[in-house]
Amino acid sequence: MTPHDTSPSASVPADAAHPHLHRGLKLLGTLFITLSAISPASSVFIIAPGVISGAGSGAFTAFLVAGVVGVFMAFVYAELGSAYPLSGGEYAIVARTFGRLPGFVVLGLFMVTQLLIIAVIALGVGTYLAVLFPSLHAPTVAAVTTVIATVLAVFDIKLNAWVTGIFLAIEMVALVVVSALGFLNPQRSLTDLVLHPVVAGQNGTVVAASAGVIGAATAVALFAYNGYGAAVYLGEETQDAHRGIAKTILWALGITVAAELIPVTAVLMGSPSLPGLFGASNMMEYFITARAGSTLNNVISLVVALAIFNAVLAIILVTARMIFSTGRDTTWPSPVSRALASIHPRYGSPWIATIGAGVVGAGFCYADEQFLLVVTATTIIAVYAALCVSTITGRRNGSTAHAVYRMPWFPVAPILALVAIGYVAYRNFLDPAVGRPSLYITVGIAVVFAAYYMLVLRRRGEWELRGAADDD
C-alpha cells in the first residue's frame, strides 16, 4: 500500500498499529474546513467588538497590522506544513524540527487549548439565538451544539467538507450584507480612520486613540485571524498534501483578512454615531439595527449562530485528528493509544478520538466562561513562538529541506513574527485580570507535559512519531 491509496479499504493498513487516514480531500475541501475553523463571521461579530472597544476607530489599523503579522505566520505555517502535512499538526512539526521535548510541550498546550476552545466557541450559539429565544440556557445550548457537531464529525471527511462549505457560504453572504450597509451610506472616510482614529471618552465623548491602545488591540485582532494552521491537521487526508497544504494556508489567510477587515471597516465608516457604537452593549446589533432595522438583525443573528456551529464542527474535526495522532504515536498507555488511533471501518474517520473530543468539549460548556478565557488566552502565543523557532532550526539542521514550499525573504517572517509575539506576551502580562493568569497557566501546562515526557515517555523508550505523510 502507498500513502496515496484512495480506496476506502486502504484507509486502514494491514498493520493496524500504523493506521492511515483516507486521502479523500482536494484543496477546495481542505480550504472549506480551514476557513470554517477560523469562522470569519464569528470573528467579526464576537472578537471585533472587543477590538473596537479597545481601539475605537483605530480598530481598522489594528486589523490591518494584525493582517501583516498574519502573513508572516502564514509563511511559517506554509513552509512547515509543506514539509510535514501531518494530522498531529503543530506538535508533530515541532517534534521533528526543534526536538521531541518541545514538541510534546506544544502537544500539551494545543490539546488543552483545542478541547477548551470547543466550549468557548459553542457558547456563542446561545448568545445569538437569545435574540429570538431569550430564555435559552446558554451552556445547555452550547453542549447540544457540540454533541450534534460531534455526530456529524464522525462521518466521512468529504461529507463534512461539503457541509462546512455550505455553511461557510451562508456566513460569507452575511458579511457581504454587513459590508454593504456601511459602504453604501458612509458617515466618515477611510482617511479619518487612518489619520484621526478616536476612542470612547467620558460621558459619551470621543478622544484621540493613542498608538498604545491601538497596539494593545492589535494583540486581540491577531486572534481574530487565527486558525489558518488548521489545514495542516488535514494533511493526511488531502491529495498532493505537500503542495496543497501550503496553498490552502496562504489562501485561507488572504480570504480571512479580506472577510474580516472589509466588514469591520464598513461598520466603522457607516455607523451613524461613533459614541453610540462604542457605548452599545452589542455593537453589531446597534449597527445593523440602525442601518436596516431589527428584522435583518434577527436574520443575521441566526446566520451568526449557524456560523458558530460550523466553527464548532470544523474545530472538532481538527482536534480529533490531533488526538488520533497522539494515539498513533503511542503517547498514552497502550489501551488508550490503541483506542484513540482507531479508524471507523466505513467512514474512515478517527471516530473514537472524535467522540472523545466532543464529549470533553460538551462538558466544558458548563465551566465558568472566565476560566475558559483565562486558560486559552495565551497558549497560542507559545505555540506560535515554537513554530517560528522550528522554521529557523529546520532550515539550519535540514529537517525541512524537503519542503516543496519555501517562504520568501527568509528569515524575515519568523523573526518579525517573534517580535510581534513578544509584544503580545508583554501586553498580556500587563493585564492582571486575564493576561497574566493565562501566562502563568500556560507555563504550568508546559511544566506538567514536560514532566510527563521526561518521567514516562523517556523512561519507556523512544516516543514514536508516525504519520502517513512521512512516507510521501
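The structure holds four cavities of 30 Å³ or more. Here a cavity is a set of points, on a 1 Å grid over the protein atoms alone, where a 1.4 Å probe fits but cannot get out. Its volume is the space filled by probe spheres set on the points, which are joined across faces, edges and corners. This is a predicted model, in which local features need pLDDT of at least 70 and side-chain atom pairs count only at pLDDT 80 or more, while totals for chains, interfaces and linings use all residues. Residues are numbered from 1 along each chain as its sequence is written, and side-chain values use heavy atoms, with hydrogens and water left out.

Start with helix α3 (residues 59-83) and helix α9 (residues 211-225), whose axes come within 8 Å and cross at roughly 55°. Helices are DSSP runs (H or I, at least four residues), numbered from the N terminus. Axes are lines fitted to C-alpha atoms over the stretch in contact, and angles run from 0 to 180 degrees between N-to-C directions. The angle makes α3 oblique to α9; oblique is what remains after roughly parallel (under 35 degrees), roughly antiparallel (over 145) and roughly perpendicular (65 to 115). On the α3 side, the contact (heavy atoms within 4.5 Å) includes T61, A62 and F63, and on the α9 side it includes I214, A217 and T218. By class, this contact of α3 with α9 has 11 nonpolar, three polar and no charged residues. Ala, Val, Leu, Ile, Met, Phe, Trp, Tyr, Cys and Pro count as nonpolar, Asp, Glu, Lys and Arg as charged, and the others, Gly among them, as polar.

The α3 and α9 helices also take part in the largest cavity, each supplying at least two residues of its lining. About 70 Å³ of space lies in this largest cavity. Lining residues have an atom within 4 Å of a point, and among those of the largest cavity are A66, V69, L222 and Y225. Helix α3 gives the most to this lining, with four residues.

The second largest cavity holds about 50 Å³ of space. Its largest share of lining, three residues, comes from α13. By class, the lining of the second largest cavity has five nonpolar, three polar and one charged residues.

Helix α14 also supplies at least two residues to the lining of the second largest cavity. Elsewhere, α14 (residues 294-328) packs with helix α16 (residues 351-364) at an angle of about 120°, their axes 8 Å apart.

Key: On a 1 Å grid over the protein atoms alone, a cavity is a set of points where a 1.4 Å probe fits but cannot get out, and a pocket is an open set with protein on both sides within 12 Å along at least five of seven lines; lining residues have an atom within 4 Å of a point.
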